[in-house]
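Keep the structure open while reading.

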Amino acid sequence: MPPIGVRLNVQEHHVVIDNGIVEVTLSNPEGIVTGIRYNGVDNLLEVLNDETNRGYWDVVWNAIDGSGKAAGGAFEVIKATKFEVITESEEKVEVSFSRPWDPSLENKLVPLNIDKRFVVVRGCSGLYSYAVYEHVGSPEWPAFNLGETRIAFKLRKDRFQYMAVADNRQRYMPLPDDRLPGRGQPLAYPEAVLLVNPVDPRLRGEVDDKYQYSCDNKDIKVHGWISMNPQPAVGFWQITPSDEFRSGGPLKQNLTSHVGPTSLSVFLSAHYAGDDLVPKFGKGEAWKKVFGPVFIYLNSAMDGEDPLTLWDDAKRQMLVQVESWPYSFLASEDFQSANERGNLSGKLLVSDRYVSGDYIPASGAYVGLAPPGDVGSWQRECKGYQFWTRADEMGYFTINNVRSGNYNLNAWVPGCIGDYQNEVAITITSGCGIYMGEIVYEPPRDGPTLWEIGIPDRSAAEYYVPDPDPKYINKLYLNHPDRFRQYGLWDRYAELYPHEDLVYTVGKSDYTKDWFFAHVNRKKEDNTYQGTTWQIKFTLDNLNRNGTYKLRVALASASLAELQVRVNNPKANRPLFSSGLIGRDNSIARHGIHGLHWLYNIEINGDLLVEGDNTIYLTQPRSQSPFQGLMYDYIRFEAPGDFNRACQ
């Protein structure tokens with residue numbers, strides 16, 4: 001029997017869309033999702049919450065004053081003022097909840113025209129949502145900053161208590177009540193709470209922090225919750241079939257699901273990046289962007305069936321949605337269909353004569369199209385669309401379904417430092433298929449490698465991550481590859497190095513055991529902090545005194561920090577190199593293993609070195625907070641060009 005058609009019921013204060021599988025109720029005209037009925041459950045959303053706090057789009061934004069400074073941030077749930085039926089048939093219903101902006105709303109509401117769309121399709125177990133944001137290019141539209149935008153769902157806490165973010169990141173979660181005084185003890189910042197008297201006593205002694213469940217954009221395809229009891233089990237999943245509308249590229253990290261139970265799709269945020277990922281709009285600057293669609297997928301298990309099969313089913317549904325992208329059933333002209341988009345392909349090779357005399361296939365390279373900008377600017381780009389893929393083992397890549405427009409072709413290759421960018425901007429037109437042929441990337445290189453520390457992969461995951469303080473654990477991350485997600489690891493440094501800072505000896509030390517994953521401050525007995533200086537000791541048997549050596553330092557993260565480099569004289573008043581104050585990604589506090597990437601190429605004259613034993617000193621002096629510090633991606637010391645390797 002074919003599925004029944006989609007039905008629309010417009011009421012005075014609510015709009016109800018029902019396809020016989022799922023029934024969605026939205027407030028009229030605000031466009032807040034107030035109810036989702038599925039599989040005999042009247043409402044999957046938290047009925048104890050006010051209707052405005054169940055399923056909604058929101059923004060965080062800042063007005064700009066006359067001096068050009070940003071005022072305090074404002075959190076705003078997007079409440080529409082106009083409801084419109086866009087499409088109504090048995091095959092699908094698409095409705096619009098829009099809120100136009102005009103100058104009378106200045107400093108009251110975010111200066112954007114916002115059109116929220118909700119779509120229900122025949123036979124589909126869920127709903128789609130997307131939104132079109134527009135800042136009009138006329139003088140009366142004020143400047144502002146857009147700090148965050150997302151869609152959020154608050155689920156029923158009496159049902160949804162099992163969360164799944166990845167195959168190896170799943171668990172029963174605390175209740176929101178467990179974070180309240182008497183049950184939870186706030187730690188170094190409000191998001192982190194020690195569970196001292198949770199409703200479920202098995203959770204006592206664990207730390208709950210929503211940032212422990214963040215993911216890279218490239219990995220946020222499906223996440224959500226399972227209601228185990230009462231039977232049958234029900235799943236609520238956010239599926240994101242494309243990253244094109246998210247800012248910052250594939251490595252930008254965002255929140256997913258967390259205690260609430262809350263399920264998020266974050267499209268734009270400063271998390272793990274700082275102000276660099278906050279789009280700043282000038283007065284009268286024209287801008288329009290489509291965020292989404294995302295798919296809210298609902299599934300259920302048969303009586304007696306393992307509820308965890310719902311996660312496997314959600315992953316299969318995610319693949320279906322990815323294969324269906326770009327969707328063909330959306331009504332907005334601002335969402336480009338497949339025939340309005342283009343494709344680009346090619347082969348990326350690496351040329352590094354100190355590694356191989358032949359071109360090296362860029363196996364596993366991240367290759368992407370991003371709006372025009374400087375080399376590497378894609379990781380800070382936050383206004384346009386980006387399209388990324390991975391090259392195969394031979395370096396071949398294909399980027400499909402790219403919106404028409406002008407782009408730079410960017411790439412970075414695991415195992416290589418630096419960023420590739422095509423010299424000429426690329427124009428994608430409707431239906432085009434551009435073949436770039438063989439593209440050659442020459443990573444930064446002056447001479448042969450004398451020594452190196454780490455792996456150039458834009459992460460500090462290969463370095464030593466200590467066990468957490470047993471008083472502050474998340475059991476999910478015990479014996480887990482993501483052990484860096486435990487709370488309080490920054491204070492473990494002083495316990496491991498109580499009197500002297502880290503010393504790494506080339507040829508003897510092992511960076512997986514002897515290089516702490518984050519260059520953090522030392523906690524003192526009076527609970528203040530002091531900067532730290534790490535040493536890299538190495539031997540030069542043959543010294544080119546007239547040559548220029550090169551120290552390449554790739555950083556995986558920087559949080560209100562400074563990198564100072566000194567050579568053979570730790571007490572030199574002026575360092576050979578200083579980065580100055582850099583970074584606001586806060587990855588140390590947020591349990592990230594990377595933030596934004598930085599690359600410094602530091603020249604060291606041969607007369608600063610000696611034949612025999614040498615020491616490079618890396619100092620991070622900023623110490624007002626335990627969370628100020630650096631994470632290293634990779635460090636390499638090169639001899640002058642064509643100078644024979646002479647390091648032990």
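A residue counts as buried when its relative accessible area is under 20%. By that cut-off, both Phe83 and Phe97 are buried. The model is predicted. Across the whole structure, a search turns up 48 aromatic pairs. Two of these topics follow in detail: ring pairs and charges over rings, then strand pairing.

**Aromatic pairs**
- Phe83 and Phe97 make a tilted aromatic pair, with 5.1 Å centre to centre and 40° between the planes.
- This pair links distant parts of the chain. Phe83 belongs to strand E7 (residues 82–88) and Phe97 to strand E8 (residues 92–99), 14 residues apart.
- Phe538 and Phe637 have ring centres 5.1 Å apart and planes at 50°, so this pair is tilted.
- Phe538 lies in strand E38 (residues 532–540) and Phe637 in strand E45 (residues 629–638). The two are 99 residues apart, and the pair links distant parts of the chain.
- Both Phe538 and Phe637 are buried.

**Charges over rings**
- Arg403 lies over the face of Tyr385, 4.2 Å from the ring centre.
- Arg590 places its charged end over the ring of Tyr189, at 5.3 Å from the centre.

**A three-stranded sheet**
- Three strands build an open sheet, ordered E14-E15-E16, with antiparallel pairing.
- Strand E14 (184–186) and strand E16 (207–208) are the edge strands, and each pairs on one side only.
- E14 and strand E15 (residues 193–195) run antiparallel and are joined by three bridges.
- Pro186 has Val193 in E15 as its bridge partner.

Technical notes: Residues are numbered from 1 along each chain as its sequence is written. This is a predicted model: local features need pLDDT of at least 70, side-chain atom pairs count only at pLDDT 80 or more; totals for chains, interfaces and linings use all residues. Side-chain values use heavy atoms; hydrogens and water are left out. Rings of Phe, Tyr and Trp (its six-membered ring) pair if their centres lie within 6.5 Å; planes under 30 degrees apart count as stacked, over 60 as edge-to-face and the rest as tilted. Helices (H or I, at least four residues) and strands (E, at least two) are DSSP runs, numbered from the N terminus. Buried means under 20% relative accessible area, exposed over 50%, partly exposed in between (1.4 Å probe, protein chains only). A charge sits over a ring if NZ of Lys or CZ of Arg is within 6 Å of the ring centre and within 35 degrees of the ring normal. Two strands pair if DSSP finds at least two bridges between them.
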